[in-house]
Amino acid sequence: MEEIKLRIKNMNKKYNDNIIFDNFDIEFDVNKVNCIVGKSGCGKSTLLNIVSGIVKNDSEDFKTMEDLGISYIFQEDRLIEWLNVEENIKFVLDKKYKKEVLERKLQDYLDLAGIIQYKKYYPQMLSGGIRQRVNIVRALIYPSKVIIMDEPFKSIDIKNKNIIMEKLKYILKKEVRTVLFVTHDIDEALFIADKIYVLGGSPVKVKGVLDNNSIDKNAITDLI
Ligand SMILES: Nc1ncnc2c1ncn2[C@@H]1O[C@H](COP(=O)(O)OP(=O)(O)OP(=O)(O)O)[C@@H](O)[C@H]1O
(Lines give C-alpha, C1' and ligand atoms only; values in the text may rest on other atoms or scores of the structure.)
Protein backbone atom coordinates (compact mmCIF):
# COMPACT_ATOMS: atom_id res chain seq x y z
CA MET A 1 0.00 0.00 0.00
CA GLU A 2 1.35 3.42 -0.95
CA GLU A 3 2.15 5.60 2.04
CA ILE A 4 0.55 9.04 2.15
CA LYS A 5 3.05 11.89 2.22
CA LEU A 6 3.00 15.41 3.54
CA ARG A 7 5.07 17.41 1.06
CA ILE A 8 6.97 20.56 1.89
CA LYS A 9 8.12 22.36 -1.24
CA ASN A 10 10.09 25.49 -2.06
CA MET A 11 11.34 26.30 1.40
CA ASN A 12 13.64 29.32 1.27
CA LYS A 13 15.16 31.13 4.21
CA LYS A 14 18.17 33.29 4.77
CA TYR A 15 19.29 35.36 7.70
CA ASN A 16 21.46 38.19 6.31
CA ASP A 17 24.04 36.31 4.22
CA ASN A 18 23.42 33.01 5.96
CA ILE A 19 21.36 30.87 3.54
CA ILE A 20 19.63 28.17 5.60
CA PHE A 21 17.16 26.79 2.99
CA ASP A 22 17.53 27.15 -0.76
CA ASN A 23 14.53 25.61 -2.57
CA PHE A 24 14.46 22.92 0.05
CA ASP A 25 11.94 20.07 -0.38
CA ILE A 26 11.10 17.28 2.04
CA GLU A 27 8.21 14.84 2.43
CA PHE A 28 7.05 13.31 5.68
CA ASP A 29 4.91 10.23 6.30
CA VAL A 30 1.37 11.03 7.29
CA ASN A 31 0.18 9.59 10.61
CA LYS A 32 3.68 8.49 11.52
CA VAL A 33 6.39 9.75 13.87
CA ASN A 34 8.92 11.58 11.68
CA CYS A 35 12.14 12.46 13.53
CA ILE A 36 14.48 15.13 12.23
CA VAL A 37 18.11 15.00 13.33
CA GLY A 38 21.20 16.92 12.30
CA LYS A 39 24.07 19.04 13.57
CA SER A 40 23.35 21.98 15.81
CA GLY A 41 22.52 25.05 13.75
CA CYS A 42 21.69 23.19 10.53
CA GLY A 43 18.11 24.50 10.53
CA LYS A 44 15.93 21.91 12.30
CA SER A 45 14.00 24.40 14.44
CA THR A 46 13.73 26.83 11.54
CA LEU A 47 12.16 24.05 9.46
CA LEU A 48 9.49 23.45 12.12
CA ASN A 49 8.95 27.18 12.57
CA ILE A 50 8.44 27.73 8.85
CA VAL A 51 6.07 24.79 8.29
CA SER A 52 4.00 25.97 11.23
CA GLY A 53 3.97 29.60 10.10
CA ILE A 54 5.83 30.94 13.17
CA VAL A 55 8.65 32.12 10.89
CA LYS A 56 7.88 33.40 7.40
CA ASN A 57 9.28 31.61 4.38
CA ASP A 58 11.21 33.99 2.10
CA SER A 59 9.44 32.97 -1.14
CA GLU A 60 5.72 33.29 -1.85
CA ASP A 61 5.19 29.84 -3.42
CA PHE A 62 5.16 28.03 -0.11
CA LYS A 63 2.36 26.39 1.84
CA THR A 64 2.53 25.98 5.60
CA MET A 65 0.76 23.20 7.52
CA GLU A 66 -1.41 25.65 9.45
CA ASP A 67 -4.61 24.51 7.68
CA LEU A 68 -4.14 21.02 9.09
CA GLY A 69 -4.21 22.25 12.67
CA ILE A 70 -0.99 22.03 14.65
CA SER A 71 -0.19 21.20 18.27
CA TYR A 72 3.19 22.19 19.67
CA ILE A 73 5.38 20.66 22.32
CA PHE A 74 8.44 22.77 23.02
CA GLN A 75 11.37 22.25 25.33
CA GLU A 76 9.85 24.56 27.93
CA ASP A 77 6.34 23.67 29.01
CA ARG A 78 4.52 27.03 28.66
CA LEU A 79 1.93 26.18 31.32
CA ILE A 80 -0.06 29.02 32.87
CA GLU A 81 0.94 29.27 36.53
CA TRP A 82 -2.41 30.48 37.90
CA LEU A 83 -4.43 27.67 36.28
CA ASN A 84 -4.45 24.11 37.57
CA VAL A 85 -3.61 21.13 35.34
CA GLU A 86 -7.17 20.58 34.21
CA GLU A 87 -7.72 24.29 33.53
CA ASN A 88 -4.41 24.57 31.66
CA ILE A 89 -5.50 21.80 29.33
CA LYS A 90 -9.03 23.12 28.82
CA PHE A 91 -7.74 26.66 28.26
CA VAL A 92 -6.50 25.90 24.72
CA LEU A 93 -9.62 23.97 23.76
CA ASP A 94 -12.19 26.76 23.72
CA LYS A 95 -15.38 24.89 22.64
CA LYS A 96 -13.50 22.35 20.49
CA TYR A 97 -15.43 19.48 22.10
CA LYS A 98 -18.79 18.90 23.75
CA LYS A 99 -18.50 18.96 27.53
CA GLU A 100 -18.91 15.17 28.02
CA VAL A 101 -16.45 14.37 25.22
CA LEU A 102 -13.87 16.73 26.67
CA GLU A 103 -14.22 15.26 30.17
CA ARG A 104 -13.73 11.74 28.79
CA LYS A 105 -10.73 12.73 26.72
CA LEU A 106 -9.19 14.58 29.65
CA GLN A 107 -9.62 11.54 31.85
CA ASP A 108 -8.23 9.17 29.21
CA TYR A 109 -5.15 11.21 28.34
CA LEU A 110 -4.26 12.09 31.94
CA ASP A 111 -4.58 8.42 32.71
CA LEU A 112 -2.42 7.36 29.75
CA ALA A 113 0.22 9.90 30.74
CA GLY A 114 0.08 8.63 34.34
CA ILE A 115 -0.79 12.03 35.84
CA ILE A 116 -4.48 11.74 36.67
CA GLN A 117 -3.71 12.36 40.35
CA TYR A 118 -2.35 15.83 39.50
CA LYS A 119 -5.53 17.09 37.84
CA LYS A 120 -6.17 19.80 40.43
CA TYR A 121 -2.52 20.73 41.05
CA TYR A 122 -1.04 24.07 40.00
CA PRO A 123 2.13 24.03 37.84
CA GLN A 124 4.42 25.31 40.62
CA MET A 125 3.47 22.24 42.69
CA LEU A 126 4.78 19.90 39.97
CA SER A 127 8.24 18.64 38.97
CA GLY A 128 9.64 19.50 35.53
CA GLY A 129 8.88 16.00 34.27
CA ILE A 130 5.23 16.08 35.35
CA ARG A 131 4.83 19.60 33.93
CA GLN A 132 6.09 18.38 30.59
CA ARG A 133 3.65 15.46 30.71
CA VAL A 134 0.81 17.97 31.22
CA ASN A 135 2.15 19.91 28.25
CA ILE A 136 2.12 16.75 26.15
CA VAL A 137 -1.44 15.88 27.17
CA ARG A 138 -2.52 19.43 26.29
CA ALA A 139 -0.99 19.13 22.82
CA LEU A 140 -2.51 15.69 22.23
CA ILE A 141 -6.04 16.63 23.28
CA TYR A 142 -6.02 19.57 20.89
CA PRO A 143 -7.71 18.31 17.68
CA SER A 144 -4.77 18.80 15.31
CA LYS A 145 -3.58 16.64 12.46
CA VAL A 146 0.06 17.58 13.00
CA ILE A 147 2.03 17.55 16.25
CA ILE A 148 5.28 19.47 16.26
CA MET A 149 7.85 18.66 18.92
CA ASP A 150 11.08 20.62 19.17
CA GLU A 151 13.51 19.00 21.62
CA PRO A 152 10.70 18.31 24.11
CA PHE A 153 12.92 16.36 26.53
CA LYS A 154 16.02 18.54 26.49
CA SER A 155 15.56 19.87 30.02
CA ILE A 156 14.22 16.66 31.58
CA ASP A 157 16.42 14.32 33.63
CA ILE A 158 17.13 10.91 32.13
CA LYS A 159 14.88 8.94 34.47
CA ASN A 160 11.86 11.15 33.81
CA LYS A 161 12.71 11.36 30.15
CA ASN A 162 12.57 7.59 29.82
CA ILE A 163 9.21 7.43 31.61
CA ILE A 164 7.73 10.17 29.43
CA MET A 165 9.11 8.70 26.22
CA GLU A 166 7.58 5.31 27.05
CA LYS A 167 4.20 6.94 27.71
CA LEU A 168 4.40 9.11 24.63
CA LYS A 169 5.35 6.21 22.38
CA TYR A 170 2.44 4.19 23.74
CA ILE A 171 0.01 7.07 23.18
CA LEU A 172 1.30 7.85 19.68
CA LYS A 173 0.81 4.24 18.61
CA LYS A 174 -2.92 4.72 19.29
CA GLU A 175 -3.14 8.13 17.60
CA VAL A 176 -3.80 8.98 13.97
CA ARG A 177 -1.52 12.01 13.89
CA THR A 178 1.47 13.15 11.91
CA VAL A 179 4.34 13.92 14.27
CA LEU A 180 7.37 16.05 13.35
CA PHE A 181 9.91 15.60 16.11
CA VAL A 182 13.22 17.45 16.21
CA THR A 183 15.98 16.13 18.42
CA HIS A 184 19.78 16.19 18.60
CA ASP A 185 19.65 12.88 20.49
CA ILE A 186 19.90 9.88 18.16
CA ASP A 187 18.81 7.44 20.86
CA GLU A 188 15.62 9.44 21.36
CA ALA A 189 14.97 9.34 17.62
CA LEU A 190 15.67 5.61 17.44
CA PHE A 191 13.29 4.94 20.30
CA ILE A 192 10.31 6.90 19.04
CA ALA A 193 10.62 7.33 15.27
CA ASP A 194 8.91 5.53 12.44
CA LYS A 195 11.27 7.35 10.12
CA ILE A 196 14.42 9.41 10.68
CA TYR A 197 15.46 12.29 8.43
CA VAL A 198 19.08 13.39 8.64
CA LEU A 199 19.62 17.02 7.68
CA GLY A 200 22.97 18.66 7.00
CA GLY A 201 25.04 20.96 4.87
CA SER A 202 24.75 24.63 4.10
CA PRO A 203 22.27 25.36 2.65
CA VAL A 204 20.69 22.39 4.33
CA LYS A 205 19.75 19.23 2.41
CA VAL A 206 18.16 15.90 3.34
CA LYS A 207 21.24 13.68 3.66
CA GLY A 208 19.34 10.50 4.36
CA VAL A 209 15.95 9.05 5.22
CA LEU A 210 15.96 5.89 7.29
CA ASP A 211 12.99 3.65 7.84
CA ASN A 212 12.33 2.24 11.30
CA ASN A 213 12.94 -1.37 10.27
CA SER A 214 16.35 -0.51 8.86
CA ILE A 215 17.46 2.07 11.41
CA ASP A 216 20.95 1.61 12.72
CA LYS A 217 22.68 4.13 14.94
CA ASN A 218 25.97 3.98 13.02
CA ALA A 219 24.22 4.71 9.75
CA ILE A 220 22.76 7.88 11.24
CA THR A 221 25.97 8.96 12.95
CA ASP A 222 27.84 8.53 9.66
CA LEU A 223 25.36 10.81 7.90
CA ILE A 224 25.41 13.62 10.50
N1 LIG B 1 16.21 34.85 14.17
C2 LIG B 1 17.38 34.52 13.65
N3 LIG B 1 18.24 35.46 13.21
C4 LIG B 1 19.43 35.13 12.65
N5 LIG B 1 19.88 33.85 12.50
C6 LIG B 1 19.06 32.88 12.93
C7 LIG B 1 17.79 33.14 13.53
N8 LIG B 1 17.22 31.96 13.85
C9 LIG B 1 18.09 30.99 13.48
N10 LIG B 1 19.19 31.55 12.94
C11 LIG B 1 20.33 30.81 12.38
O12 LIG B 1 19.81 29.85 11.49
C13 LIG B 1 20.55 28.65 11.59
C14 LIG B 1 19.61 27.50 11.89
O15 LIG B 1 19.13 27.64 13.22
P16 LIG B 1 18.17 26.56 13.89
O17 LIG B 1 17.87 27.03 15.26
O18 LIG B 1 17.05 26.29 12.97
O19 LIG B 1 19.14 25.29 13.94
P20 LIG B 1 18.93 23.91 14.71
O21 LIG B 1 19.37 22.84 13.77
O22 LIG B 1 17.55 23.84 15.26
O23 LIG B 1 20.00 24.05 15.88
P24 LIG B 1 20.00 23.41 17.38
O25 LIG B 1 20.06 21.93 17.21
O26 LIG B 1 21.24 23.98 17.98
O27 LIG B 1 18.75 23.89 18.05
C28 LIG B 1 21.64 28.87 12.63
O29 LIG B 1 22.81 29.25 11.96
C30 LIG B 1 21.08 30.02 13.43
O31 LIG B 1 22.11 30.78 13.98
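In the predicted model described here, R138 lies in helix α4, helices (H or I, at least four residues) and strands (E, at least two) being DSSP runs numbered from the N terminus. R138 is buried, because 23 other C-beta atoms lie within 10 Å; the term buried applies to a residue with 20 or more other C-beta atoms within 10 Å of its own, exposed to one with 12 or fewer, and partly exposed to those in between, with C-beta atoms placed from the backbone. Apart from neighbours within four places in sequence, R138 is in contact with N88, I89 and V92, where contact requires C-beta atoms, placed from the backbone, that lie within 7 Å. R138 and V85 are 53 residues apart in sequence, yet the C-alpha to C-alpha separation is 9.3 Å.

Residues are numbered from 1 along each chain as its sequence is written. Because the model is predicted, local features need pLDDT of at least 70 and side-chain atom pairs count only at pLDDT 80 or more, whereas totals for chains, interfaces and linings use all residues. The pLDDT, which is the predictor's confidence in each residue from 0 to 100, averages 91 over the chain, and 98% of the residues score at least 70. For the complex, the predictor gives an ipTM of 0.96 and a pTM of 0.91.

The chain is assigned two parts, domain 1 (1–69 + 144–224) and domain 2 (80–143), with bounds that come from an automatic or database domain assignment. The contact between them takes twelve residues from domain 1 and twelve residues from domain 2. On the side of domain 1 that touches domain 2, helix α5 (residues 158–174) contributes the largest share, six residues. By class, this side of domain 1 has seven nonpolar, four polar and one charged residues; Ala, Val, Leu, Ile, Met, Phe, Trp, Tyr, Cys and Pro count as nonpolar, Asp, Glu, Lys and Arg as charged, and the others, Gly among them, as polar. The centres of domain 1 and domain 2, taken over C-alpha atoms, are separated by 25 Å.

The largest nonpolar core holds 57 residues, of which C35, I36, V137, L180, F181 and I196 touch the most other members. Such a core is a set of buried Ala, Val, Leu, Ile, Met, Phe, Trp, Tyr and Cys residues joined through C-beta atoms within 7 Å. Helix α4 (residues 128–141) gives the most to this core, with seven residues. At least three residues of the core are drawn from each of domain 1 (1–69 + 144–224) and domain 2 (80–143).

Around the ligand stand Y15, N18, I20, G38, S40, G41, C42, G43, K44, S45, T46 and H184, each with a C-beta atom, placed from the backbone, within 6 Å of the molecule. This shell divides into three nonpolar, eight polar and one charged residues. Both β2 (18–29) and α1 (44–51) supply at least two residues of the shell, and α1 gives the most, with three residues.

Several residues have backbone features that call for separate description. Most residues other than glycine have a negative phi, and most peptide bonds are trans. N23, although not a glycine, has a positive phi of about 50°. This residue is found in strand β2 and is exposed, because 11 other C-beta atoms lie within 10 Å. A positive phi of about 55° occurs at R78, also not a glycine, in the loop between β4 (70–73) and α2 (85–91). R78 counts as partly exposed because it has 13 C-beta neighbours inside 10 Å. The peptide bond from S202 to P203 is cis, with omega near -5°, and P203 is placed in the loop between β7 (195–200) and β8 (205–211).

N12 belongs to strand β1 (residues 5–15) and is partly exposed, since 18 other C-beta atoms lie within 10 Å. Beyond its neighbours within four places in sequence, N12 is in contact with F21, D22, N23, N57, D58 and S59. N12 and D22 are ten residues apart along the chain, and 4.9 Å separates their C-alpha atoms.

K217 is located in helix α7 (residues 217–223) and is exposed, because 11 other C-beta atoms lie within 10 Å. When residues up to four places away in sequence are not counted, K217 touches I186 and L190. K217 and I116 are 101 residues apart in sequence and, C-alpha to C-alpha, 36 Å apart in space.

Conventions: Contact = placed C-beta atoms within 7 Å.
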